[in-house]
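Subject: Structure handover

Hello,

Here is the structure I promised you. Please open it next to this email, and my notes follow below.

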Amino acid sequence: MITVISRINRGCPMAASDEAAEETVEASGVPVPEACDERQGQDRLPRAYKLWLVGILVSLVGNAVFYFALGWAASEYGGSIAGLALSAITLPRVLLLLVGGAVSDRVSARRVLITGDAAMLIFSLTLAAVAYSLGAPPLLLIATGIAVGVVDAFYLPASGSMPRRLVAQAQLPRALSLRQVGGQVINMGGGPLAGVLVGLAGFAGAAFVNAVTFAFTLVVLTVVRPQHDVPPTPKTDGLLKEALSGVKVAFSHPVLRPGLWLTGAAAGFLLPVLSLLIPLLAREEEWGAGTAGLVLGAQGVGMVAVTLVVVKRGPLGRPGLMAASALVLAGGGVLALGLCPSATIAVAAGLVIGVGNGTFSAHIAPLVLASSPDSHLSRIQAVLVLVQSVALLLMNNVLGALVDLQGATVIVVACAVMLIGVGLTGLASDPLRNDRTGLRRR
């Protein structure tokens, strides 16, 4: 006990996975400088991960511009065409996600990503040329949505598994939180940037910008080499059977099963509050668009603040315990939002929701990724994206219809009750609550 405290006071915390160094310290009673330097080096994220992250964030900028351009071009033809164009992305993505995860595990995630970027580079350049010549007719927009959805079904599981292949498991919370911060910044700035670019260059220009970002990401992927990669899954079964085995493994695992249920609940009862219910509640309470924007902005501030803390310090506690508790906290914020008597309290409630949302995201993602078997990394990511997509797609429509019947306040309160209940249920799961992924040994 004394030797461990001595190591901490000297500024060299003991990594949970560094058992050999721990035995050396216990035997000698003094810290080993070489082991200390090695652990400090391990605390720094690998250069390969940082380079890959830059490529991913540049690609996200292209996606933000392109998705805005697609929706904007489709809105010219009315709500039905706009809905079809966006649904054309979601439907093939949902249908092919499990197959995409199986392909990634079978042939390697890096190859899938390189193939996907190359395909989208060629497609985006072709689309830019066609749109420049013909404009953006509805058939072209719907076909574009289908193409993007098909590539996403293979790309997302592979991309989701890459952090596990590039960093050590103990670094996953910090690595994924850094990616989340970058994504939040892009989400906040992507809309205005997309509006300017589309206004200047139209749909064809947006497709060309998207092609440039895919070209950059493709170059990055050819340079980056996974440091913790696992051998591809042997081709023992058919592709469909391998795809379904991902679902079986995910929902039979003692940590993954409750983790996925929590993720589905967050996607179904928390994300619609932000995108759907806050605008409806603001109209019902006559707060105005400015107040609704402030609530969403406060949520973003809370989320980014927590994520930055995790980037700097690592996980705030046991990841399953923190994730389940965060849903309870977010549910409390949603409850205050539904019952608040003033716009000022609504903004404060948005901040609480953001802290809960950020804490949940920063702990559940590394927990799921670290708990996934090496043979099913991409397939578990496919299941994760599928759970989120189905829950969000279903609940956006259900909650929207219920608001028309009962009003926004009642539905916001109902979402809060569900979030609190699911969070408390997660706390009752011993494997989830006691998992120590990413924590250091004291």
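In these notes, two residues are in contact when heavy atoms of theirs lie within 4.5 Å. Please keep in mind that this is a predicted model.

**Helix 13 and helix 14**

Start with helix 13 (residues 319-339) and helix 14 (residues 343-371). Their axes come within 8 Å. They cross at roughly 160°. Angles over 145 degrees count as roughly antiparallel, so helix 13 and helix 14 are roughly antiparallel to each other. Their crossing is left-handed.

On the helix 13 side, the contact includes P319, G320, M322, A323, G333, V334 and L337. Helix 14 meets them with residues including A346, I353, G356, N357, F360, H363 and L367. The residues of this contact divide into 18 nonpolar, 6 polar and no charged.

**The cores**

Which residues touch the most other members of the largest nonpolar core? They are L277, V334, L337 and F360, out of 56 residues in that core. Helix 15 (residues 377-406) supplies the largest share, 10 residues.

V334 deserves a click. Leave aside its neighbours within four places in sequence, and V334 is in contact with L270, V273, I353, V412, A416 and L419. V334 also belongs to the helix 13 side of the contact with helix 14.

N63 sits in helix 4 (residues 47-75). Is N63 buried or exposed? Its relative accessibility is 19%, so N63 counts as buried; the cut-off is under 20%. Not counting residues up to four places away in sequence, N63 touches N210 and F214.

S108 is in the loop between helix 5 (79-107) and helix 6 (109-134). S108 is not a glycine, yet its phi is positive, about 95°. At 15% relative accessibility, S108 counts as buried.

E286 also has a positive phi, near 60°, and is a residue other than glycine. Look for E286 in the loop between helix 11 (271-285) and helix 12 (289-313). E286 is exposed, with a relative accessible area of 74%.

S108 is buried, whereas E286 is exposed.

Best wishes

Conventions:
Residues numbered from 1 in each chain as written. Predicted model: local features only at pLDDT ≥ 70, side-chain atom pairs only at ≥ 80, totals over all residues. Heavy atoms only, no water. Core = buried A, V, L, I, M, F, W, Y, C linked by side-chain atoms within 4.5 Å. Buried < 20%, exposed > 50% of the residue type's maximum accessible area, 1.4 Å probe, protein only. Helix = DSSP H or I, 4+ residues; strand = E, 2+ residues; numbered from the N terminus. Axes fitted to C-alpha atoms, helices over the stretch in contact; angles between N-to-C directions. Parallel < 35°, antiparallel > 145°, perpendicular 65-115°, else oblique. Left-handed = near helix turned anticlockwise from the far one by under 90°. Nonpolar A, V, L, I, M, F, W, Y, C, P; charged D, E, K, R; others polar.
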